[in-house]
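Please look over the sequence and the structure shown here.

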Amino acid sequence: MSKRGRLVLILAVLAVCFLFLWPTLQWYANTPKDQQALALSSLENIKDYSSHKASSDVKAMKAAVKEDKSTPLAENQKWLEKAAKKNYKDMEQAAPSPMTLYDALASFSSQEELVELIEKRYRDEILKNKKYYQNSVKLGLDLSGGMNVIVKADLDSVVKAQKDNIVVADEQTLRQAAMQQALETLTGRIDRFGLSSPTIRQQGEDRIYIELPGSAETDQINSIIQGRGILNFRLVDNDATQAFNSYFMQHPDNTFDSRGRLIDATVIPDDCEVFGYYTTDEYGLDQRTGYLVVKKDIILDGKHIKSARVGTEELTNRPSVNFTLDGEGTTIFGEFTSANVGKNLAILSDNRIKSNATIQNAITGGQVAITGFGQEEARNLEKVLQTAWLDVPLTVESQQVIGASLGDQAIRQGLMAIAVGLALIMIFMLVWYKGAGINACVAQVLNLYIMFSILSAFNLTITLPTIAGMILTIGMAVDANVIIFERIKEERRLGKDRAASVAVGFDNAFWAIMDSNITTFIAAFFMSQLGTGSIQGFAVSLAIGVVSTVFTALVVSRLMFDFGTQALHRENISISWRLK
């Protein structure tokens, strides 16, 4: 490859790597912690936050104008001037100059229009940060904190149940199929609940290992794993609901935090929780119509559902989900409805109240129908209900919560290891190889830059083993430079000039570097494919490092030598204390 071609290739690689790394830089370096918390919350919470902030901002603007109509636009309100000028242009009127806050508000036809505009600004900013997170490098459990769970599958009960129904020709095949079903079901459930970057894999014959980076509620995880929380029935506390709604009307902006949790938990009784009440419009979209306060005690959960199917209401012809309860569920539900005739029963799906019906009479037959869904949502719920009780009984055998402080400490130690290792290697290369050591230092920095960029491009997760792979890559990158420099020194001892020594040195070192890195890459590839967990993380970072090492050693370092020869017209090489 020509020198110009190498330069173009290097610039192209650096530019592409910068694009890959941009979301990671924006997320970790340019997004405040409070904005990160908002971006990591649910879309529903983002909507609520944006709406409440917009309403609050409009109220503050109106109060300022009421006090003084000549109030100027603040620095953070300059965007409003642009929108107001567009409004005046649409009305075919001249925009006032200079524009005051009163003039800007007067350009909007209604308060709702202004609220919608401000809400869009908040929403767009939060969703932009959310996209940065989705396209950035993630931190693993050992760095970000979180929870690991070991779940035991009761395969013996599965085999026993199947033997009662069919002839089992191969018990081992049945147990393997049962474990595969348990893995797929757990993966679907955890993904559906939006938990970040979960790791789910089989451990041994009848256990499943789950890693959940970030903050995770123990009770929520248990509910997801054991089939609770997807659908359950709760008793509505009408008095508490009325009191809460009155409080919410008076404090719409500070009732919930950015994650949808109550700021003041004392506004509802200790034995209650508050959830949004949703109905489905004619377009099949969820619309929250209010809040209901329900008891924490679950009357009936999803494990008692035996079958489910989508039907239609007789009067409205809207979709309904009809399901049949097992014997225990029929008894529980029958006794409860008999004892609570006249009270309200809420049906929750994914922590949303989808039905708030008055118990007219006892339901003792085990046949239940719920409504308030669109057709597609009803079908999705049907699939969820069909797995509400797993064919493979699961129990949580152990849980370990890793605090964020441990993660912070691990991050600092990992970064310190990389920084110290890199610094010591650079010092050695500069002392031992003099001016040529600068080439090695530049190659090392670009090597790490390319590695992080590739990790960001594929949204890979960084763990402590990943950092270990990076540290090993630093040593391998130096090894490649050492081979090249020693070859150049040999040619200089033979009396060759700078250009010839560099050319022959790189040619002779090429296959030695390629052989060592190809064998390392093959080993890393098989470790990444056959290994799991920490082994896989180490192998992936090592494989990426091998590729970047070859590129920086053979392309970047070579171009720097050629630049010194042709652009700076140097005749000697500062590469050894014994050579001139």
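The points below are grouped by topic.

This is a predicted model, in which local features need pLDDT of at least 70, side-chain atom pairs count only at pLDDT 80 or more, and totals for chains, interfaces and linings use all residues. Residues are numbered from 1 along each chain as its sequence is written, and side-chain values use heavy atoms, with hydrogens and water left out. Helices (H or I, at least four residues) and strands (E, at least two) are DSSP runs, numbered from the N terminus.

**Helix H11**
- Helix H11 covers residues 238–250, and its 13 residues should span 18 Å at 1.5 Å a residue; the expected span is 1.5 Å times one less than the number of residues.
- The end C-alpha atoms of H11 are 19 Å apart, which agrees with that span.
- Ala240, Thr241, Phe244 and Phe248 of H11 are buried (under 20% relative accessible area; exposed is over 50%, and partly exposed is in between, with a 1.4 Å probe and protein chains only).
- Exposed residues Asp239, Gln242, Met249 and Gln250 are on the face of H11 turned away from its buried side.

**Helix H2**
- In helix H2 (residues 33–40), the buried residues are Gln36, Leu38 and Ala39.
- They fall within an arc of 160 degrees seen down the axis of H2, so they line one face of the helix.

**Helices H17 and H18**
- Helix H17 (residues 498–530) packs against helix H18 (residues 534–567) at an angle of about 170 degrees, with the axes 9 Å apart. Axes are lines fitted to C-alpha atoms, for helices over the stretch in contact, and angles run from 0 to 180 degrees between N-to-C directions.
- H17 is therefore roughly antiparallel to H18 (angles over 145 degrees).

**Backbone details**
- Most residues other than glycine have a negative phi, and most peptide bonds are trans.
- Glu92, in the loop between H4 and H5, has a positive phi near 60 degrees and is exposed at 74% relative accessibility.
- Lys434 has a positive phi of about 55 degrees and is partly exposed, with a relative accessible area of 24%.
- Lys434 lies in the loop between helix H14 (404–433) and helix H15 (436–457).
- Ser97 and Pro98 are joined by a cis peptide bond, with omega about -5 degrees.

Technical notes. Parallel < 35°, antiparallel > 145°, perpendicular 65-115°, else oblique. Arc of directions from axis to C-beta.
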